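Please read the briefing below alongside the sequence and the model.

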Amino acid sequence: MLGTYVEELGALGETPDGMYRFMYDEAWQQARDALLRWIDDAGLEGRVDAVGNVFGRLPGSGDGVVLTGSHVDTVPSGGKYDGALGVVGGLAALAALRAQHGTPVRTLEVVALCEEESSRFPANFFGTRGMLGLIAPDEPDRLRDREGVLLADAMRQAGLDPAAVASAERHDLRAFLELHIEQGRVLADEGVDVGLVEVIPGIAWETVTVRGRQDHAGATPMDLRRDALQAAAQMAREITTAVEQEGRPAVVTTGRWTVEPGQPSIVPGLARFSVDLRHPDLGVRDRLLDTVHRICATVAERHGVEVEIVRDKDEEPATMDADLLDVLRGSAEECGASWRRMPSGAGHDSQLMASRVPTAMVFVPSVEGRSHTPAEYTSPADCVRGASVLATALHHLAW
Ligand SMILES: [Zn+2]
């Protein structure tokens with residue numbers, strides 16, 4: 001059943017260039033409808049909330065809700081497993097638990113969160129934010145996609161009422177468990193079955209702007225130039241080397257570049273690049289940021305250019321719930337799965353959920369650590385093992 005779900009969901013939004021399934025678009029609506037069908041087939045109660053999160057509910061005899069799930073949207077040119085596995089894995093888990101054990105004490109729900117990746121609208125974690133009451137009232141009438149479509153109009157087009165967003169907030173959640181592919185290669189390299197995520201690193205984003213002097217590419221001798229791009233490139237090189245020397249799990253990426261005026265015959269007067277720096281230990285991350293700033297200042301002085309650094313994002317690391325991690329560890333052992341504790345490399349809905357609800361994540365191996373690419377793959381055996389560990393944990397929590 002799980003393999004069929006993965007394939008059928010993976011066909012919605014699939015192109016020769018990978019997955020394109022963005023919040024409220026046609027493929028997303030097809031996925032919502034398919035999930036509601038599967039939820040109904042599994043004997044669960046289906047529901048779509050005001051922001052488009054899809055729920056399958058197995059009502060319990062007592063209070064409180066134990067929630068599992070992940071996001072249903074993809075990055076551009078994405079894979080079939082990121083997010084999707086946690087949705088269909090949760091659905092398969094609830095279906096199996098209902099068939100085997102009937103009515104739980106605590107209500108169990110699986111959720112397909114409408115948005116995690118910010119692929120279409122600058123509305124990161126829209127689904128989780130909806131559930132936690134963290135969507136600003138003006139967002140639907142303010143945010144637009146690249147084609148200029150207003151978020152509110154896209155919601156209406158998907159059958160949702162943008163004025164009702166606040167009603168998506170939940171106060172009955174007692175726990176959240178998210179099954180997800182690792183998206184890195186730790187588990188695959190070590191031959192470990194599942195990863196129990198202890199912490200999701202806070203991301204620091206900075207924009208480095210370097211101002212030199214715009215000059216003629218033919219008439220300006222090399223020794224008289226103040227080339228903004230060459231200085232910026234040197235900064236990026238030295239920043240990367242410093243983080244390489246720090247070693248795992250520190251990572252830095254300088255992925256977005258602007259060069260002005262960006263002409264072959266002009267010495268660049270301005271270069272701007274992004275810095276994405278992550279480490280699960282906030283102290284180490286901040287020390288590395290200091291190193292970044294020192295490198296930029298030193299290189300700028302050497303090249304006779306000016307540098308300005310702006311902090312765009314500064315997230316705290318999210319710690320997963322210790323009791324839930326114990327439940328997951330016990331469940332892994334009951335399933336005969338080898339496990340290790342680990343930090344997450346990527347960001348996840350769980351990092352936000354953890355701010356309000358006891359939360360934990362379980363990872364399964366990504367072949368060669370590939371993710372956010374059509375090459376993303378997790379073996380059927382690993383998918384099933386992850387869903388089994390999840391189902392065992394949900395059984396402990398809800399019965
Ligand atoms: Zn994901």
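**Briefing on the predicted model**

S77 counts as buried because its relative accessibility is 17%, where buried means under 20% relative accessible area, exposed over 50% and partly exposed in between, with a 1.4 Å probe and protein chains only. This is a predicted model, in which local features need pLDDT of at least 70 and side-chain atom pairs count only at pLDDT 80 or more, while totals for chains, interfaces and linings use all residues. Residues are numbered from 1 along each chain as its sequence is written, and side-chain values use heavy atoms, with hydrogens and water left out.

**Backbone geometry**
- Although S77 is not a glycine, S77 has a positive phi of about 60 degrees, and S77 is found in the loop between β5 (65-71) and α3 (84-101); helices (H or I, at least four residues) and strands (E, at least two) are DSSP runs, numbered from the N terminus.
- F125, also not a glycine, has a positive phi of about 60 degrees; F125 sits in the loop between β6 (107-113) and α4 (126-132) and, at 8% relative accessibility, counts as buried.
- The peptide bond from R248 to P249 is cis, with omega near 0 degrees, and P249 is in the loop between α7 (228-246) and β11.
- The peptide bond from E260 to P261 is cis, with omega near 0 degrees, and P261 is in the loop between β12 (257-260) and β13 (266-267).

**Overall fold**
- The protein chain has eleven helices and 18 strands, and buried residues make up 55% of its 399 residues.
- Along its principal axes, the C-alpha trace of the protein chain spans about 80 × 45 × 40 Å.

**Pockets**
- The largest pocket has a volume of about 1300 Å³; a pocket is an open set of points on a 1 Å grid over the protein atoms alone, where a 1.4 Å probe fits, with protein on both sides within 12 Å along at least five of seven lines, and lining residues have an atom within 4 Å of a point. A volume is the space filled by probe spheres set on the points, which are joined across faces, edges and corners.
- Of the 47 residues that line the largest pocket, I203, R278, G345, A346 and G347 are the closest to its centre.
- Because domain 1 (2-200 + 317-398) and domain 2 (203-314) both give residues to its lining, the largest pocket lies between them; the domain bounds come from an automatic or database domain assignment.
- The second largest pocket holds about 250 Å³ of space, and β14 gives the most to its lining, with four residues.
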